[in-house]
Amino acid sequence: MPDRAYDRNRLKALVHYVIWKAGAHPDFGATKLNKIAWFSDAKSYVLTGQSITGAPYTRQEHGPVPRDIMPIRDQLVSDGAIKQWKDRKYSKPVWCFRSLQTPDQNAFSSNERKTIDYWIDTIVKEHTAESASELSHDYGWEIAKMGETLPFYSVLAERVRAPVGEELEWAKKTAREMGLI
C-alpha cells in the first residue's frame, strides 16, 4: 500500500500539537520535537501502512528531521500559534518552544493522536535529547548518506549479527548437510 501523499498542513498540525503538549517541559527542544515527529510518522507507517503526515524526512547529524521543519516552525510563529527562541542549556544553544494557541483537535484521528501522544510521553519523559537521538540512530539511519531522504520502513532495518556458540555450530552443521561447505 502506498503511503499517503505529503500533506504539509498535517505536518504543521503535528508540530503545533507536539509543541502544545510538550513545549512547557523543561528539557523539550528541537531534537525531541523532530524525534517525536519521526517516530509518530514512521511507526504509524509500519503498523498501518500510512504515516500520519507523509512528510519526507532526511538524515541529519542528530537523526531523522522533517525536510520542511524550519519553514513550518517559522509559519507557526508567523501565524501566532507558537513562540520559539534560543536559550543556553547544558552549555549549548537549544531551541525552546511555547504554544500560544490550542491546536486543531480534529486534525488527526483518535488512533493517530494516540500514536503521537505515545511518542510525546516516551520521548519527553524517558529520554534526554541525546538518548532520543541515539534511539533514532538505527541501522536505516546509519546507512543513509547525510541529507538523504529516509523511507519510513527504514526503522525496520537491522544489522545482522554473526552467529556464535550453539548458533554457529548449528549453522555449520546445516550448511554441511546442505552441501554448502
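Some ground rules come first. The model is predicted, with local features needing pLDDT of at least 70 and side-chain atom pairs counting only at pLDDT 80 or more, while totals for chains, interfaces and linings use all residues. Residues are numbered from 1 along each chain as its sequence is written, and side-chain values use heavy atoms, with hydrogens and water left out.

As for pLDDT (the predictor's confidence in each residue, from 0 to 100), the protein chain has a mean of 89, and 96% of its residues reach 70 or more. Helices and strands here are DSSP runs (H or I, at least four residues, for helices; E, at least two, for strands), numbered from the N terminus. Where pLDDT is low, the predicted coordinates should not be read in detail.

Next, the sheet. Two strands pair if DSSP finds at least two bridges between them. Three strands make up an open, antiparallel sheet in the order β2-β1-β5, with β2 and β5 (149–150) as the edge strands, each pairing on one side only. Strand β1 (residues 57–60) is joined to strand β2 (residues 63–66) by 4 bridges, and these two form a hairpin with 2 residues between them. Across this pair, Gln 60 faces Gly 63. On to β5: β1 pairs with β5 over 2 bridges, again antiparallel, and Thr 58 has Thr 149 as its bridge partner there.

Then there are the pockets. On a 1 Å grid over the protein atoms alone, a pocket is an open set of points where a 1.4 Å probe fits, with protein on both sides within 12 Å along at least five of seven lines; lining residues have an atom within 4 Å of a point. A volume is the space filled by probe spheres set on the points, which are joined across faces, edges and corners.

The largest pocket holds about 660 Å³ of space. It is lined by 30 residues, and those closest to its centre are Thr 31, Lys 92, Val 94, Ala 129 and Glu 130. Helix α2 (30–48) gives the most to this lining, with 5 residues.

The second largest pocket has about 190 Å³. Of its 14 lining residues, Ser 44, Thr 48, Asn 111, Glu 112 and Thr 115 are the closest to its centre. Here the largest share, 5 residues, comes from α4.
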